[in-house]
Amino acid sequence: MDNILRIEGLTKEYENVVALNNIYLEMQKGTIFGLLGPNGAGKTSLIRILTGITLPDKGKFTLEYTENKDFDSLSRMIGYLPEERGLYPDMKVYEQLDFIGQIKGLNKTEIKEKLNYWGDKMGVSQWFKKKAQELSKGMQQMVQFVATVFYDPSLIILDEPFTGLDPINTNKIKKEIIELKNQGKTIIFSTHRMEQVEEICVDIALINKGNIVLKGNLEEIKNSFKKNIFKVVYEGTLSENKDYEFDIIDTNDSYLIIKDKDIANTSPNSLLKKIMQYVDIHSFVEILPTLNEIFIEQVEKISEDLKGGNNE
Amino acid sequence: MNKILAVFKREYFTRVKKKSFIIITILIPLMILLLMTLPVLMTLFKSGTTNIAILDNSGLFTESIEGSRSIPIKFVQGNIEQWKDKFSKDFDALLHIPNIDLQYPGGIKLYTEKQIGLSQITFFEKQIEQKIERLRYEKEGIDKDLVEKLKASINIESIVISGDQEKTSNTVISLILGQIMAFFQYFMIFFYGSMIMKGVMDEKKSRIVEILVSSVRPFQLMMGKIVGIAAVALTQLAIWAVLITLIFVFFSVSVMPYLTSTQATAEMPAEMQSNLTYQIVDFINNPGALNIPLIIFTFSFYFIFGYLFYSTLFAAVGSVSDDESQAQSFTLPISIPIILSLMIMFNVADQPHSPLAFWASIIPFSSPIVMLARIPYNIPIWQLFLSIALLIFSFFISTWVSGKIYRSGILLYGKKLTWKDLGKMVKAK
């Protein structure tokens, strides 16, 4: 497998609080990886280690197949849009981007060329001569996005990239992220908003209190957590008292939520056959759990396991 | 290194291009120019000449009162009542000397329609006083010229004996020079120290710092900023030096003659005049008495290292402060030694070899200011070396400590930090 980033046993403690506990993760080139978890779960701690801002207490990571990259080349290969982000208010937009290019180690012509390209692409060029404080918040966010990607990093880390963006800009950036992925960039998308991830991520990791609760392919995870329940829109009547071959979990004037009683041998088709005997079916859809539900369920399960462990 | 350079350039150019920098840099020499030329300008704007008519009924002063270029005079004859009404047609003022008693000279009046300058009144007062004195001497049978000859004016010349050499010490010049340098240093440490603190806080407040530290090491960021702002200070200093020199040249060539022709110098207290002029003349004749190269070296050294030492501390404070009030509580321990140094400095300038002067010019917290006030007084060279060595050493310590605090501080938001927290930051690996 083409794992551009391999994290092996990263551990970090801050004043007796375990921010990261023995984290193992792999990311493939050209994918969008969702790093999920509530605030304070350890996402930012992990990102700060990857960007070289802090050092881990234990463990290592490999970026583009080499270990222990020095800070300068790491910073050149990584584009980082922090959650806490901003611009110099009294500096012109072009000058700030130029400054970022310089501290990333680019030369003047490279900077100019890349900024012209990205400036036009994201509609930022028109503000190049303006000071950041003269721009609206949305405009500033676009400038920050350009600052993250213009120098062509191979790993792009976006920490809550959509906070404070209006729907139009959110779409614009989402489109850009997908395009970057198609060009072969690897993108880590860190957020506590699970629903944002479901649209664009292939692989995810759920992290809570410094531990990875769940990781893998998003579709596979969802399937493994599915409860074999189906939403049925129908016409006809079902008697509440009668004993069917399926359980009615929820009901409403227009639809039913049902689950096969014979869970060992069930399939969508067999369940459909069973209900077709009683009513006319307009639609029949499997309900997959949302990431949010999976996450909450997992976290609860772990804390119950812990409690159980304590009682023994 | 390239990254420090990039940070340095950003700090330097954004600040030097600022309107406020340009205004302050040009305004201060202009203010000095204005203050120096104000007396002259005032006389120039005062309509040029004041024509004075003198009606001397006593007949004593006809030959002894003289006019000047800006105050031409003309003696008139007659009665004061008739002149009072009509002098304003031909003259700006009428000086009336009645028939006075030499013992109790009184009743001398200057009639005018416009307010007249104090210096013009003293101009006549002096001449009349001199004439009356001379008349009194004559009356008592004393030779005025002999009295002048007998008058004594002395100046104690203090000589510093060091080794075989004897040096004239210019105490007044040393005092003034030392105090000016020390005060300037005090001002610059505070002004540029707070600029660094504010710069760090702004990066934190505007949230750009997290983007920066993923590309630049915090230490590089801090040093780039400190050195960049130092370059701003030096630029300002250089511009001031050039402009002020130009002003002095301009002043001595074109303004000074006007000033001496008026009464400005005459109004200076006599002792101060003689002492200061004596020392200035002596200084110009024999500048070797003051070790000018040593003074320039010491000033440059303490200016740069005093600034560097304090600026690292100011940077650390900026990094742990989210708002002005928090910054204030952390700056207090830095401000107190600076203010104390200034207070000690005034004492030291007067007693440059006291134990207080010695210790205050050795301890790095006060030496950048206090040593400057001592240095024109030829202090023992080992004291200077000790002080320099300690300041350089302390600069490395403060850089190390501040670097540690800065590194953790800039990434902490919205947390009220205590001194204990700062201690933990320093100890952290």
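Predicted model: local features only at pLDDT ≥ 70, side-chain atom pairs only at ≥ 80, totals over all residues.

Mentor: Residues are numbered from 1 along each chain as its sequence is written, chains are lettered from A and ligands numbered from 1 in the order in which they are written, and side-chain values use heavy atoms, with hydrogens and water left out.

Trainee: How many helices and strands are there in chain B?
Mentor: Helices are DSSP runs of H or I with at least four residues, strands are runs of E with at least two, and both are numbered from the N terminus. On that basis chain B has 15 helices and six strands.

Trainee: Is Val370(B) buried or exposed?
Mentor: Val370(B) sits in helix H13 (residues 367-374) of chain B. Buried means under 20% relative accessible area, exposed over 50% and partly exposed in between, with a 1.4 Å probe and protein chains only. Val370(B) has 0% relative accessibility, so the answer is buried.

Trainee: Which residues is Thr298(B) in contact with, leaving aside its neighbours within four places in sequence?
Mentor: Thr298(B) belongs to helix H10 (residues 292-319) of chain B, and at 0% relative accessibility Thr298(B) is therefore buried too. Contact means heavy atoms within 4.5 Å. With those sequence neighbours set aside, the partners of Thr298(B) are Leu372(B), Ile375(B) and Leu384(B).

Trainee: Over in chain A, how are H3(A) and H4(A) oriented to each other?
Mentor: Helix H3 (residues 93-104) and helix H4 (residues 108-121) of chain A pack at about 130 degrees, with axes 10 Å apart. Axes are lines fitted to C-alpha atoms, for helices over the stretch in contact, and angles run from 0 to 180 degrees between N-to-C directions. Under 35 degrees is roughly parallel, over 145 roughly antiparallel, 65 to 115 roughly perpendicular, and the rest oblique. So H3(A) and H4(A) are oblique.

Trainee: How far apart are the C-alpha centres of domain 1 and domain 2 of chain A?
Mentor: The domain assignment of chain A gives domain 1 (3-223) and domain 2 (227-286). Such bounds come from an automatic or database domain assignment. The C-alpha centres of these two domains are separated by 45 Å.
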